[in-house]
Amino acid sequence: MLKIYGRANSSNVRKVTWVADELGLPFERTDWGRGFRSTDEPEFKRLSAFGVVPVVDINGFILRESNTITRYLCARARRDDLYPTDLKARALVEAWMDWGSSDLYAGVRPVFMGLVVKNPAFMDPAIIAAGAAEWTRQMQRLDGELAANGPYLAGANLTLADVPTGIVVNRWYAIPFEKPALPHVHAYYDLLGQRPAYQQHVRNGTP
Amino acid sequence: MLKVWGRKTSVNVQKVMWAVAELGLPHERIDAGGPFGRLDTPEYAVLNPNRQVPVLDDNGFILWESNPIVRYLAEQYGRGTLAPEGRHGYARADQWMEWSITEIYRDIIGVCFTNFVRVTAKDRDTAAIAAAAKRVGDKLVILDRQLDGRAFICGDKLTMADIAVGTLMYRYYTLPVERPKLANVDRWYGSLSARAPYQAHAMIDWQPMKIPGA
(Lines give C-alpha, C1' and ligand atoms only; values in the text may rest on other atoms or scores of the structure.)
Protein backbone atom coordinates (compact mmCIF):
# COMPACT_ATOMS: atom_id res chain seq x y z
CA MET A 1 0.00 0.00 0.00
CA LEU A 2 1.22 3.49 -0.89
CA LYS A 3 1.12 5.99 1.94
CA ILE A 4 1.50 9.67 1.12
CA TYR A 5 2.38 12.16 3.84
CA GLY A 6 1.48 15.78 3.06
CA ARG A 7 -1.42 18.23 2.79
CA ALA A 8 -3.62 17.95 -0.32
CA ASN A 9 -3.14 21.61 -1.31
CA SER A 10 0.68 21.38 -1.59
CA SER A 11 1.85 21.65 -5.20
CA ASN A 12 4.42 18.93 -4.60
CA VAL A 13 1.96 16.57 -2.91
CA ARG A 14 -0.44 17.09 -5.83
CA LYS A 15 2.20 15.88 -8.30
CA VAL A 16 2.28 12.58 -6.40
CA THR A 17 -1.50 12.13 -5.91
CA TRP A 18 -2.13 13.02 -9.57
CA VAL A 19 0.45 10.48 -10.79
CA ALA A 20 -0.71 7.79 -8.34
CA ASP A 21 -4.22 8.11 -9.78
CA GLU A 22 -2.92 8.04 -13.35
CA LEU A 23 -1.27 4.74 -12.40
CA GLY A 24 -4.45 3.45 -10.78
CA LEU A 25 -2.49 3.00 -7.58
CA PRO A 26 -4.58 3.04 -4.39
CA PHE A 27 -3.11 5.24 -1.67
CA GLU A 28 -3.76 6.56 1.78
CA ARG A 29 -2.87 10.22 2.38
CA THR A 30 -2.47 12.02 5.69
CA ASP A 31 -2.32 15.80 6.16
CA TRP A 32 1.05 17.21 7.25
CA GLY A 33 2.56 20.63 6.74
CA ARG A 34 1.32 24.22 6.68
CA GLY A 35 -2.08 24.45 8.42
CA PHE A 36 -1.95 20.82 9.61
CA ARG A 37 0.35 18.77 11.85
CA SER A 38 3.85 20.19 11.85
CA THR A 39 6.53 18.31 9.95
CA ASP A 40 8.80 19.11 12.92
CA GLU A 41 6.88 16.57 15.03
CA PRO A 42 8.94 13.51 15.97
CA GLU A 43 6.50 11.20 14.17
CA PHE A 44 7.27 12.96 10.87
CA LYS A 45 10.99 13.41 11.61
CA ARG A 46 11.31 9.66 12.14
CA LEU A 47 10.00 9.19 8.61
CA SER A 48 12.11 11.93 7.08
CA ALA A 49 14.57 14.15 8.90
CA PHE A 50 14.10 16.79 6.23
CA GLY A 51 10.67 17.92 7.41
CA VAL A 52 9.40 18.55 3.89
CA VAL A 53 6.26 17.17 2.22
CA PRO A 54 5.60 14.95 0.37
CA VAL A 55 7.13 11.79 1.78
CA VAL A 56 5.90 8.41 0.61
CA ASP A 57 6.09 4.98 2.17
CA ILE A 58 5.72 2.13 -0.31
CA ASN A 59 5.78 -1.14 1.58
CA GLY A 60 8.45 0.25 3.90
CA PHE A 61 10.55 2.02 1.26
CA ILE A 62 10.62 5.70 2.24
CA LEU A 63 11.16 8.32 -0.44
CA ARG A 64 10.95 12.12 -0.61
CA GLU A 65 11.30 14.78 -3.36
CA SER A 66 8.17 14.89 -5.51
CA ASN A 67 9.82 14.52 -8.92
CA THR A 68 11.88 11.57 -7.71
CA ILE A 69 8.76 9.96 -6.25
CA THR A 70 6.78 10.25 -9.49
CA ARG A 71 9.70 8.80 -11.48
CA TYR A 72 10.02 5.91 -9.04
CA LEU A 73 6.28 5.14 -9.06
CA CYS A 74 6.13 5.10 -12.87
CA ALA A 75 9.25 2.94 -13.18
CA ARG A 76 7.88 0.51 -10.59
CA ALA A 77 4.55 0.30 -12.43
CA ARG A 78 6.44 -0.17 -15.74
CA ARG A 79 4.52 2.71 -17.29
CA ASP A 80 6.78 3.35 -20.24
CA ASP A 81 4.16 5.73 -21.67
CA LEU A 82 4.54 8.14 -18.74
CA TYR A 83 8.26 7.62 -18.08
CA PRO A 84 10.09 6.01 -21.02
CA THR A 85 12.68 3.28 -20.49
CA ASP A 86 14.59 4.43 -23.58
CA LEU A 87 17.32 6.56 -22.03
CA LYS A 88 17.16 9.39 -24.55
CA ALA A 89 13.37 9.72 -24.47
CA ARG A 90 13.53 9.50 -20.70
CA ALA A 91 16.16 12.23 -20.42
CA LEU A 92 14.03 14.63 -22.49
CA VAL A 93 11.07 14.00 -20.17
CA GLU A 94 13.33 14.70 -17.18
CA ALA A 95 14.62 17.92 -18.75
CA TRP A 96 11.06 19.27 -18.96
CA MET A 97 10.41 18.15 -15.38
CA ASP A 98 13.38 20.23 -14.25
CA TRP A 99 12.31 23.19 -16.36
CA GLY A 100 8.79 23.08 -14.91
CA SER A 101 10.14 22.88 -11.36
CA SER A 102 12.87 25.52 -11.66
CA ASP A 103 12.70 28.09 -14.49
CA LEU A 104 8.93 28.02 -14.80
CA TYR A 105 8.41 27.93 -11.04
CA ALA A 106 10.80 30.77 -10.10
CA GLY A 107 8.24 33.51 -10.74
CA VAL A 108 5.32 31.51 -9.35
CA ARG A 109 6.68 31.44 -5.84
CA PRO A 110 6.55 35.18 -5.04
CA VAL A 111 3.07 35.52 -6.60
CA PHE A 112 1.70 32.48 -4.78
CA MET A 113 3.29 33.39 -1.45
CA GLY A 114 2.12 37.00 -1.74
CA LEU A 115 -1.40 36.66 -3.17
CA VAL A 116 -2.49 33.23 -1.91
CA VAL A 117 -0.54 32.36 1.26
CA LYS A 118 -0.19 36.05 2.19
CA ASN A 119 3.23 35.39 3.68
CA PRO A 120 4.50 38.68 5.21
CA ALA A 121 7.88 38.28 3.48
CA PHE A 122 6.16 38.44 0.07
CA MET A 123 3.57 41.19 0.63
CA ASP A 124 5.64 43.90 -1.10
CA PRO A 125 3.75 44.69 -4.36
CA ALA A 126 7.10 45.15 -6.14
CA ILE A 127 8.14 41.57 -5.26
CA ILE A 128 4.79 40.23 -6.51
CA ALA A 129 5.00 42.31 -9.71
CA ALA A 130 8.54 41.10 -10.45
CA GLY A 131 7.42 37.50 -9.89
CA ALA A 132 4.39 37.98 -12.15
CA ALA A 133 6.59 39.43 -14.92
CA GLU A 134 9.02 36.51 -14.77
CA TRP A 135 6.21 33.97 -14.56
CA THR A 136 4.52 35.57 -17.59
CA ARG A 137 7.77 35.46 -19.58
CA GLN A 138 8.14 31.72 -18.92
CA MET A 139 4.45 31.06 -19.68
CA GLN A 140 4.91 32.78 -23.05
CA ARG A 141 7.85 30.49 -23.67
CA LEU A 142 5.59 27.54 -22.76
CA ASP A 143 2.91 28.81 -25.15
CA GLY A 144 5.45 28.89 -27.98
CA GLU A 145 6.73 25.43 -27.12
CA LEU A 146 3.23 23.93 -27.10
CA ALA A 147 2.41 25.69 -30.39
CA ALA A 148 5.52 24.24 -32.04
CA ASN A 149 5.76 20.78 -30.47
CA GLY A 150 2.53 20.08 -28.57
CA PRO A 151 -0.03 19.03 -27.66
CA TYR A 152 1.98 17.71 -24.67
CA LEU A 153 5.47 18.77 -23.62
CA ALA A 154 7.16 15.55 -24.72
CA GLY A 155 4.99 15.12 -27.81
CA ALA A 156 1.82 13.20 -28.53
CA ASN A 157 0.98 11.76 -25.10
CA LEU A 158 0.94 12.69 -21.46
CA THR A 159 4.27 11.97 -19.74
CA LEU A 160 5.90 13.02 -16.48
CA ALA A 161 7.19 16.03 -18.45
CA ASP A 162 3.69 17.48 -18.05
CA VAL A 163 3.36 16.98 -14.31
CA PRO A 164 5.34 19.91 -12.82
CA THR A 165 4.13 22.21 -15.60
CA GLY A 166 0.52 21.01 -15.24
CA ILE A 167 0.60 22.11 -11.60
CA VAL A 168 1.91 25.57 -12.55
CA VAL A 169 -0.66 25.99 -15.34
CA ASN A 170 -3.47 25.36 -12.86
CA ARG A 171 -2.03 28.04 -10.57
CA TRP A 172 -1.80 30.45 -13.50
CA TYR A 173 -5.54 30.22 -14.11
CA ALA A 174 -6.59 29.86 -10.47
CA ILE A 175 -4.79 32.95 -9.12
CA PRO A 176 -6.42 36.23 -10.13
CA PHE A 177 -3.84 38.72 -11.45
CA GLU A 178 -3.35 40.49 -14.75
CA LYS A 179 -2.08 38.12 -17.41
CA PRO A 180 -2.01 37.88 -21.20
CA ALA A 181 -4.15 35.40 -23.14
CA LEU A 182 -2.07 32.33 -24.04
CA PRO A 183 -4.19 30.21 -26.40
CA HIS A 184 -1.89 27.19 -26.57
CA VAL A 185 -1.48 27.07 -22.81
CA HIS A 186 -5.22 27.31 -22.42
CA ALA A 187 -5.78 24.44 -24.84
CA TYR A 188 -3.21 22.43 -22.86
CA TYR A 189 -5.02 23.23 -19.62
CA ASP A 190 -8.26 21.96 -21.15
CA LEU A 191 -6.55 18.87 -22.49
CA LEU A 192 -5.20 18.04 -19.04
CA GLY A 193 -8.61 18.92 -17.63
CA GLN A 194 -10.15 16.01 -19.53
CA ARG A 195 -8.26 13.66 -17.26
CA PRO A 196 -10.16 12.65 -14.10
CA ALA A 197 -6.93 12.44 -12.06
CA TYR A 198 -5.96 16.01 -13.01
CA GLN A 199 -9.47 17.27 -12.25
CA GLN A 200 -9.53 15.65 -8.87
CA HIS A 201 -6.08 16.58 -7.61
CA VAL A 202 -5.04 19.66 -9.57
CA ARG A 203 -7.85 21.48 -11.42
CA ASN A 204 -10.09 21.42 -8.38
CA GLY A 205 -10.47 25.11 -7.56
CA THR A 206 -7.34 25.24 -5.37
CA PRO A 207 -4.47 27.38 -6.75
CA MET B 1 32.51 12.29 -29.30
CA LEU B 2 30.55 14.16 -26.64
CA LYS B 3 30.21 17.90 -26.85
CA VAL B 4 29.35 20.03 -23.85
CA TRP B 5 28.32 23.62 -24.39
CA GLY B 6 28.99 26.05 -21.57
CA ARG B 7 31.65 28.12 -19.82
CA LYS B 8 33.72 26.24 -17.25
CA THR B 9 32.82 28.81 -14.57
CA SER B 10 29.12 27.80 -14.58
CA VAL B 11 28.37 25.54 -11.64
CA ASN B 12 25.89 23.56 -13.77
CA VAL B 13 28.50 23.05 -16.49
CA GLN B 14 30.97 21.97 -13.81
CA LYS B 15 28.53 19.29 -12.67
CA VAL B 16 28.30 17.81 -16.17
CA MET B 17 32.05 18.08 -16.84
CA TRP B 18 32.90 16.38 -13.58
CA ALA B 19 30.59 13.47 -14.53
CA VAL B 20 32.13 13.29 -18.03
CA ALA B 21 35.61 13.16 -16.51
CA GLU B 22 34.72 10.52 -13.90
CA LEU B 23 33.34 8.36 -16.72
CA GLY B 24 36.48 8.94 -18.76
CA LEU B 25 34.52 9.92 -21.87
CA PRO B 26 36.29 11.64 -24.79
CA HIS B 27 34.77 15.08 -25.09
CA GLU B 28 35.04 18.62 -26.27
CA ARG B 29 33.77 21.61 -24.27
CA ILE B 30 32.68 24.71 -26.14
CA ASP B 31 32.61 28.03 -24.30
CA ALA B 32 29.18 29.68 -24.19
CA GLY B 33 27.39 31.97 -21.76
CA GLY B 34 28.72 34.76 -19.55
CA PRO B 35 31.57 36.66 -21.26
CA PHE B 36 31.45 34.24 -24.20
CA GLY B 37 27.87 35.14 -25.17
CA ARG B 38 26.45 32.90 -27.90
CA LEU B 39 23.23 32.11 -26.01
CA ASP B 40 21.22 34.73 -27.95
CA THR B 41 22.11 33.36 -31.37
CA PRO B 42 19.55 31.46 -33.48
CA GLU B 43 21.99 28.52 -33.65
CA TYR B 44 22.01 28.24 -29.86
CA ALA B 45 18.20 28.43 -29.64
CA VAL B 46 18.12 25.24 -31.72
CA LEU B 47 20.32 23.53 -29.14
CA ASN B 48 18.45 24.91 -26.14
CA PRO B 49 15.32 27.00 -26.60
CA ASN B 50 15.73 28.09 -22.97
CA ARG B 51 19.11 29.65 -23.91
CA GLN B 52 21.01 28.31 -20.94
CA VAL B 53 24.13 26.26 -20.33
CA PRO B 54 24.98 23.40 -20.20
CA VAL B 55 23.83 21.59 -23.30
CA LEU B 56 25.02 18.07 -24.08
CA ASP B 57 25.43 16.81 -27.65
CA ASP B 58 25.96 13.04 -27.65
CA ASN B 59 26.41 12.21 -31.34
CA GLY B 60 23.45 14.36 -32.30
CA PHE B 61 21.31 13.69 -29.23
CA ILE B 62 20.80 17.12 -27.67
CA LEU B 63 19.92 17.47 -23.99
CA TRP B 64 19.70 20.40 -21.56
CA GLU B 65 19.23 20.69 -17.75
CA SER B 66 22.24 19.56 -15.75
CA ASN B 67 20.71 16.89 -13.50
CA PRO B 68 18.98 15.06 -16.37
CA ILE B 69 22.29 15.25 -18.31
CA VAL B 70 24.19 13.72 -15.39
CA ARG B 71 21.60 10.94 -14.97
CA TYR B 72 21.63 10.25 -18.71
CA LEU B 73 25.44 10.00 -18.79
CA ALA B 74 25.46 7.90 -15.62
CA GLU B 75 22.92 5.41 -16.98
CA GLN B 76 24.30 5.32 -20.52
CA TYR B 77 27.98 5.05 -19.61
CA GLY B 78 28.19 4.31 -15.90
CA ARG B 79 25.54 1.83 -14.82
CA GLY B 80 26.70 0.26 -11.59
CA THR B 81 29.18 3.06 -10.92
CA LEU B 82 27.75 6.59 -11.14
CA ALA B 83 24.21 5.21 -11.58
CA PRO B 84 23.34 2.81 -8.75
CA GLU B 85 21.82 -0.47 -9.87
CA GLY B 86 18.38 -1.49 -8.65
CA ARG B 87 15.28 0.68 -8.52
CA HIS B 88 15.56 1.59 -4.84
CA GLY B 89 19.23 2.54 -4.96
CA TYR B 90 18.69 4.58 -8.09
CA ALA B 91 15.71 6.43 -6.56
CA ARG B 92 17.74 7.24 -3.43
CA ALA B 93 20.49 8.79 -5.53
CA ASP B 94 17.87 10.66 -7.57
CA GLN B 95 16.32 12.12 -4.40
CA TRP B 96 19.66 13.56 -3.24
CA MET B 97 20.13 15.13 -6.68
CA GLU B 98 16.70 16.75 -6.36
CA TRP B 99 17.54 17.83 -2.83
CA SER B 100 20.59 19.70 -4.08
CA ILE B 101 18.28 21.80 -6.26
CA THR B 102 15.23 22.15 -4.04
CA GLU B 103 17.01 22.75 -0.72
CA ILE B 104 20.53 24.15 -1.01
CA TYR B 105 21.15 25.51 -4.52
CA ARG B 106 19.20 28.75 -4.12
CA ASP B 107 20.93 29.70 -0.88
CA ILE B 108 24.49 28.74 -1.89
CA ILE B 109 24.41 30.07 -5.45
CA GLY B 110 21.42 32.42 -5.67
CA VAL B 111 22.06 34.23 -2.39
CA CYS B 112 25.65 33.75 -1.13
CA PHE B 113 27.64 33.35 -4.35
CA THR B 114 25.67 36.03 -6.20
CA ASN B 115 26.13 38.50 -3.36
CA PHE B 116 29.90 38.02 -3.24
CA VAL B 117 30.47 37.98 -7.00
CA ARG B 118 27.77 40.03 -8.70
CA VAL B 119 27.10 42.68 -6.04
CA THR B 120 29.53 45.42 -5.00
CA ALA B 121 30.86 45.30 -1.43
CA LYS B 122 28.91 48.46 -0.64
CA ASP B 123 25.56 46.99 -1.75
CA ARG B 124 26.15 43.48 -0.39
CA ASP B 125 23.22 42.12 1.64
CA THR B 126 25.10 40.69 4.62
CA ALA B 127 21.91 39.82 6.52
CA ALA B 128 20.63 37.77 3.59
CA ILE B 129 24.02 36.02 3.30
CA ALA B 130 24.04 35.14 7.00
CA ALA B 131 20.44 33.84 6.89
CA ALA B 132 21.14 31.74 3.79
CA ALA B 133 24.37 30.31 5.24
CA LYS B 134 22.47 29.37 8.41
CA ARG B 135 19.78 27.54 6.41
CA VAL B 136 22.41 25.66 4.38
CA GLY B 137 24.32 24.71 7.53
CA ASP B 138 21.13 23.35 9.10
CA LYS B 139 20.38 21.27 6.03
CA LEU B 140 23.93 19.94 5.80
CA VAL B 141 23.48 18.49 9.30
CA ILE B 142 21.18 15.93 7.66
CA LEU B 143 23.75 15.23 4.95
CA ASP B 144 26.31 14.80 7.73
CA ARG B 145 24.14 12.08 9.27
CA GLN B 146 23.75 10.41 5.87
CA LEU B 147 27.55 10.37 5.47
CA ASP B 148 28.08 8.85 8.91
CA GLY B 149 29.77 5.49 8.22
CA ARG B 150 29.59 6.00 4.45
CA ALA B 151 32.42 7.18 2.21
CA PHE B 152 29.91 8.71 -0.22
CA ILE B 153 26.24 9.73 -0.11
CA CYS B 154 24.89 6.39 -1.31
CA GLY B 155 27.56 4.12 0.16
CA ASP B 156 31.12 3.13 -0.65
CA LYS B 157 31.12 4.38 -4.26
CA LEU B 158 30.95 7.82 -5.83
CA THR B 159 27.54 8.17 -7.54
CA MET B 160 25.52 10.76 -9.41
CA ALA B 161 24.22 11.95 -6.02
CA ASP B 162 27.74 13.04 -4.99
CA ILE B 163 28.17 14.79 -8.34
CA ALA B 164 25.02 16.91 -7.96
CA VAL B 165 25.54 17.84 -4.31
CA GLY B 166 29.34 17.89 -4.40
CA THR B 167 29.63 20.37 -7.23
CA LEU B 168 28.07 23.00 -4.96
CA MET B 169 30.53 22.26 -2.17
CA TYR B 170 33.61 23.93 -3.64
CA ARG B 171 31.77 27.24 -3.66
CA TYR B 172 30.24 26.63 -0.25
CA TYR B 173 33.66 25.90 1.27
CA THR B 174 35.47 28.77 -0.45
CA LEU B 175 32.89 31.53 0.17
CA PRO B 176 33.51 33.62 3.29
CA VAL B 177 30.39 32.39 5.11
CA GLU B 178 29.74 30.89 8.54
CA ARG B 179 29.86 27.08 8.37
CA PRO B 180 29.03 24.65 11.17
CA LYS B 181 31.66 22.03 11.99
CA LEU B 182 30.39 18.85 10.34
CA ALA B 183 32.96 16.08 10.57
CA ASN B 184 31.44 13.76 7.96
CA VAL B 185 30.68 16.45 5.40
CA ASP B 186 34.19 17.88 5.89
CA ARG B 187 35.75 14.44 5.38
CA TRP B 188 33.58 13.77 2.29
CA TYR B 189 34.42 17.16 0.77
CA GLY B 190 38.10 16.43 1.48
CA SER B 191 37.87 13.16 -0.45
CA LEU B 192 36.11 14.85 -3.38
CA SER B 193 38.75 17.54 -3.56
CA ALA B 194 41.47 14.85 -3.72
CA ARG B 195 39.98 13.49 -6.98
CA ALA B 196 41.59 14.74 -10.18
CA PRO B 197 38.25 15.12 -12.07
CA TYR B 198 36.82 17.25 -9.25
CA GLN B 199 39.97 19.38 -9.14
CA ALA B 200 39.91 19.89 -12.90
CA HIS B 201 36.22 20.73 -13.28
CA ALA B 202 34.62 21.75 -9.99
CA MET B 203 37.44 23.58 -8.21
CA ILE B 204 37.43 26.56 -10.55
CA ASP B 205 38.52 29.77 -8.85
CA TRP B 206 35.57 32.17 -8.89
CA GLN B 207 37.52 35.27 -7.82
CA PRO B 208 38.05 36.41 -11.45
CA MET B 209 34.25 36.36 -11.95
CA LYS B 210 33.75 39.24 -9.52
CA ILE B 211 32.34 42.45 -10.90
CA PRO B 212 34.38 45.62 -10.22
CA GLY B 213 33.89 46.64 -6.60
CA ALA B 214 32.68 43.21 -5.48
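Modeller: Please do; I shall begin with the interface. The area buried between chain B and chain A is about 2,700 Å², and carbon and sulfur atoms give 56% of that area. This is a predicted model, in which local features need pLDDT of at least 70 and side-chain atom pairs count only at pLDDT 80 or more, while totals for chains, interfaces and linings use all residues. Residues are numbered from 1 along each chain as its sequence is written, chains are lettered from A and ligands numbered from 1 in the order in which they are written, and side-chain values use heavy atoms, without hydrogens and water.

Colleague: What makes B:Glu75 and A:Arg90 a salt bridge?

Modeller: The term requires a side-chain nitrogen of Lys or Arg within 4 Å of a carboxyl oxygen of Asp or Glu. The closest N and O atoms of B:Glu75 and A:Arg90 are 3.4 Å apart, so the pair meets that rule. Across the interface of chain B and chain A, the rule finds four salt bridges.

Colleague: Why are α1(A) and α3(A) called roughly parallel?

Modeller: Helix α1 (residues 11-22) and helix α3 (residues 66-76) of chain A pack at an angle of about 10°, with their axes 9 Å apart. Angles, which run from 0 to 180 degrees between N-to-C directions, count as roughly parallel under 35 degrees; α1(A) and α3(A) are therefore roughly parallel to each other. Among the residues that meet are A:Val16 and A:Val19 in α1(A) and A:Ile69 and A:Leu73 in α3(A).

Colleague: What makes β2 and β4 of chain B edge strands?

Modeller: Strands are DSSP runs (E, at least two residues), and two of them pair if DSSP finds at least two bridges between them. The open sheet of chain B has four strands in the order β2-β1-β3-β4, with mixed pairing. Strands β2 (27-30) and β4 (61-64) of chain B each have a single partner strand, so one side of each is left without a neighbour in the sheet.

Notes
Parallel < 35°, antiparallel > 145°, perpendicular 65-115°, else oblique. Contact = heavy atoms within 4.5 Å. Buried area = accessible area lost by both parts, 1.4 Å probe.
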